[in-house]
Amino acid sequence: MPILRRAALAASLSALLFSATQLQAAEAMQIESIHYAPTTEVAGNSLTLNGAALRKKLFFKVYAVGLYVKTPTQDVNAVMNETGAARVRLGLLRDVSGESFIEALDDGLKANLAPEKEQAVSKELNELRTLMKQIGDVKVNDLVDFDYVPNKGTMVSLNGKPIGKTIGGGRALYNAVLAIWLGDKTIDNTLKSGMMGN
């Protein structure tokens, strides 16, 4: 086969593989009653669904969780080192009291944050707890978004409506929240695997 034909064939195959990868990364997902669109937008930044999973506690389905990033990846470090926009969307599958929600958040943060890192973002963590108190009790099919807005900070929304103000401090706080699901001591390895598209 002539060299030019082989080069053209290789280029075509590469293009097809790239298209297939992009198509796979852009597929929507359905976790119980919660729908995750293939793409979303945070502060004008287009994001792609990286993966989603179901959180179960004992026999109860608690919530679905999905991760949106700029460039889909299966590398946790790449997600944690990213400086651009991101979104974690929780879709509630049962009613949860505000107190239980904050308690679960605190447990996940403490398990994955070294004391010095927790101290470094203590002010921002307190602001986050205040926002969670404003949300209060959450109900089945409520959607809670944890967004990172570049150059601004972490924003929390309930059913598309921002709660309180954006919490500053760069990515440190947002990565602390991400570590609840993606950290070394994640609350559920199945969630970590699903969010990373595995």
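I call a residue buried under 20% relative accessible area, exposed over 50%, and partly exposed in between, with a 1.4 Å probe and protein chains only. The model is predicted, so I took local features only at pLDDT of at least 70 and side-chain atom pairs only at pLDDT 80 or more, while totals for chains, interfaces and linings use all residues. I number residues from 1 along each chain as its sequence is written, and side-chain values use heavy atoms, with hydrogens and water left out.

**Entry 1: confidence**

I looked up pLDDT, the predictor's confidence in each residue, from 0 to 100. The protein has a mean of 86, and 86% of its residues reach 70 or more. Over residues 7–25 the value is below 50, and I found three contacts for this stretch beyond near neighbours in sequence. A contact here means heavy atoms within 4.5 Å.

**Entry 2: the whole chain**

I took helices (H or I, at least four residues) and strands (E, at least two) as DSSP runs, numbered from the N terminus. There are seven helices and nine strands. Of the 198 residues, 44% are buried. Among contacts with a separation of 6 or more, 60% join residues 24 or more positions apart. I noted an accessible surface of about 10900 Å², with 54% of it belonging to carbon and sulfur atoms; the area comes from the Shrake-Rupley method with a 1.4 Å probe, and for residues only the protein chains shown count as cover.

**Entry 3: helix H5**

I listed Glu124, Leu125, Glu127, Leu128, Arg129, Leu131, Met132 and Ile135 as buried in H5. An α-helix has 3.6 residues a turn, so residues three or four places apart point the same way. The cover over the buried residues of H5 includes helices H3 (98–112), H4 (115–120) and H6 (171–182), and strands E7 (143–149) and E8 (153–158). Just after H5, I found Gly136 with a positive phi of about 70 degrees.

Most residues other than glycine have a negative phi. Glu32 has phi near 55 degrees and lies in the loop between strands E1 (29–31) and E2 (34–36). Its relative accessibility is 41%, so Glu32 counts as partly exposed. Asn151 has phi near 65 degrees and sits in the loop between E7 and E8. Its relative accessible area is 80%, so I put Asn151 down as exposed.
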